[in-house]
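Trainee: I would like to go through this model term by term. Can we set each value against its cut-off?

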Amino acid sequence: MYALIDCDNCFVSCERVFRPDLEGKPVVVLSNNDGCVVARSNEAKALGIKEGVPFYQLAEQFPGVKIEALSSNYTLYGDMSARIMAIVRMYAPRVEVYSIDECFCDLEGMEQTFDLKRWGEELAARIRQWVGMPVSIGIGQTRTLAKVASRYAKTYAGYNKCCVIDSDEKRRKALAGFPLNKVWGIGRAFDAKLASLGVRNTLELADKPEGWIRMLFPLPFENTWRELNGVSCIDTTEVHEKKSICTSRSFPGMITSREELRTHISNYASRCAEKLRRQHSVCNILTVFIMTNWFRKDLEWYSGMMNVTLHTASANTTELVAAASAVTDRIFRPGLSYKRAGVIVSGITPDSAIQLDMFESDVDKRKRLDAISGTVDSINRRMGTETVVLAAQQYPADPKTGKAPHFKDAILHNLRTPCYTTNLQDIIPVK
């Protein structure tokens, strides 16, 4: 048996933990630069607000309706997610974190000593009590069936936040009422193809013979069909494995200065390095790209990109920032107005088997740099993101005030709430 723990409206629920005044109101969370809606409360969904709709259109589509809009606060969401996963690990021996708001639990053998329905209800209640986040739990013989069950637990209050599919009778009943386009692994293209073949619901798909599935669909779809029939064959560790990491941004305005662009690139490289270390990986290829505004026809358009291969695979902030800065100088063209830039790291391998360059002369220096990066990560986790940064990540002084900002992000987040749990300056004062 497998369990899926899924946070209900994750981003909105994180905000409501610290903003109880948002309960019962239509709330949306916006994407980077406050562009589009990426998360909605149930009240916002009931109004008909669609995911991905541009923020500026909300006032046009819903005149006179008070909609609470918030900028994305990924630092807060990531920390709240980590707290939930820590509680789940207390209840289950094997946990697979699938995304920021979802994780699978392998419950093999637990059905012999636990009432899984009661286990799920108690876990959901404990997470709500300790963290303040509502979660829905689905339990089934496969990960796909657990996904189906979690949707029922999320949709119908009678399940008390936990739905269990533990018999063939329950499986068939659940699939009969489950829409095909909501099945994990079936996208729009497969949904349209199934409709053209006369398949109307998920149960009809599961009842199709194996030969019919194999003749018309690729192997990943066949695995989904098997999972719907109770045969576990999807490994989430393979699905979740990253082959590259990208950090990129569109700037609120235009950037013409080489120095300011290099500072942005340095920050993106630093974040890529931090993500690599978090998953205990290193990279040996770094790519930098910059581009002007495609939509400004009155300006010259330019897109520059260049790769650099590292002599020794690394996740060290100093090395990746130095490499990214050097590439930026090579692809930068003066006189242009840049709108977007980013850094991609690839050639990712585990950090347990690093092949040193045969001409590496100072191995101890590499160890010292890695130790510094680890110390900086530790400080930033305790004191708040970007508490300690490299000098290359600092922006020049503001010409109006004469003061140099410690750190300036290129993202618009005018509606962002504080980082209540990760920044000492943002802790809620208690009266």
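**Values against cut-offs**

Mentor: At 14% relative accessibility, phenylalanine 11 counts as buried. Buried means under 20% relative accessible area, exposed over 50%, and partly exposed in between, with a 1.4 Å probe and protein chains only. Some ground rules: this is a predicted model, where local features need pLDDT of at least 70, side-chain atom pairs count only at pLDDT 80 or more, and totals for chains, interfaces and linings use all residues. Residues are numbered from 1 along each chain as its sequence is written, and side-chain values use heavy atoms, with hydrogens and water left out.

Trainee: Why is tyrosine 74 called partly exposed?

Mentor: Its relative accessibility is 41%. That value falls between the 20% and 50% limits, so tyrosine 74 counts as partly exposed.

Trainee: How many aromatic pairs does the structure hold?

Mentor: There are 18. Rings of Phe, Tyr and Trp (its six-membered ring) pair if their centres lie within 6.5 Å; planes under 30 degrees apart count as stacked, over 60 as edge-to-face and the rest as tilted.

Trainee: What makes the pair of phenylalanine 11 and tyrosine 74 edge-to-face?

Mentor: The ring centres are 5.9 Å apart, and the planes stand at 75°. The angle is over 60, so the pair is edge-to-face. Phenylalanine 11 belongs to helix α1 (residues 10-18) and tyrosine 74 to helix α4 (residues 74-91), so the pair ties together parts 63 residues apart in sequence. Helices (H or I, at least four residues) and strands (E, at least two) are DSSP runs, numbered from the N terminus.

Trainee: Why is the pair of phenylalanine 332 and tyrosine 338 called tilted?

Mentor: The centres lie 5.4 Å apart, with the planes at 35°. Phenylalanine 332 is buried at 8%. Tyrosine 338 is buried at 0%.

Trainee: Which residues do ring pairs link into a cluster?

Mentor: Tyr152, Tyr156, Tyr159 and Phe178.

Trainee: How do you know that the charged end of lysine 193 sits over the ring of phenylalanine 217?

Mentor: A charge sits over a ring if NZ of Lys or CZ of Arg is within 6 Å of the ring centre and within 35 degrees of the ring normal. For lysine 193 the distance to the centre of the phenylalanine 217 ring is 4.6 Å. The charged end of lysine 208 likewise sits over the ring of tryptophan 212, 4.8 Å from its centre.

Trainee: What makes the link between serine 248 and arginine 340 a polar contact?

Mentor: Their side chains are joined at 2.9 Å. A polar contact is a pair of N or O atoms within 3.5 Å; within protein, one must be able to donate a hydrogen and the other to accept it, and residues adjacent in sequence count only if both atoms are side-chain atoms. Serine 248 lies in strand β9 (residues 244-255) and counts as buried at 15%.

Trainee: How do you know that isoleucine 127 is buried?

Mentor: Its relative accessible area is 0%, so isoleucine 127 falls under the 20% limit. Its place is in helix α5 (residues 116-130). Beyond four places in sequence, isoleucine 127 touches Ile5, Ile84, Ile87, Val88, Gly132, Met133 and Val135. Contact means heavy atoms within 4.5 Å.

Trainee: Which residues have the most contacts inside the largest nonpolar core?

Mentor: Ile5, Leu107, Ile127, Met133, Ile137 and Ile139, in a core of 38 residues. Helix α4 gives the most to this core, with seven residues. A nonpolar core is a set of buried Ala, Val, Leu, Ile, Met, Phe, Trp, Tyr and Cys residues joined through side-chain atoms within 4.5 Å.

Trainee: Why is helix α11 called largely enclosed?

Mentor: Seven of the ten residues of α11 (residues 219-228) are buried, so the rest of the structure largely encloses it. The cover over those buried residues includes α6 (143-155), α7 (168-176) and α8 (188-196).
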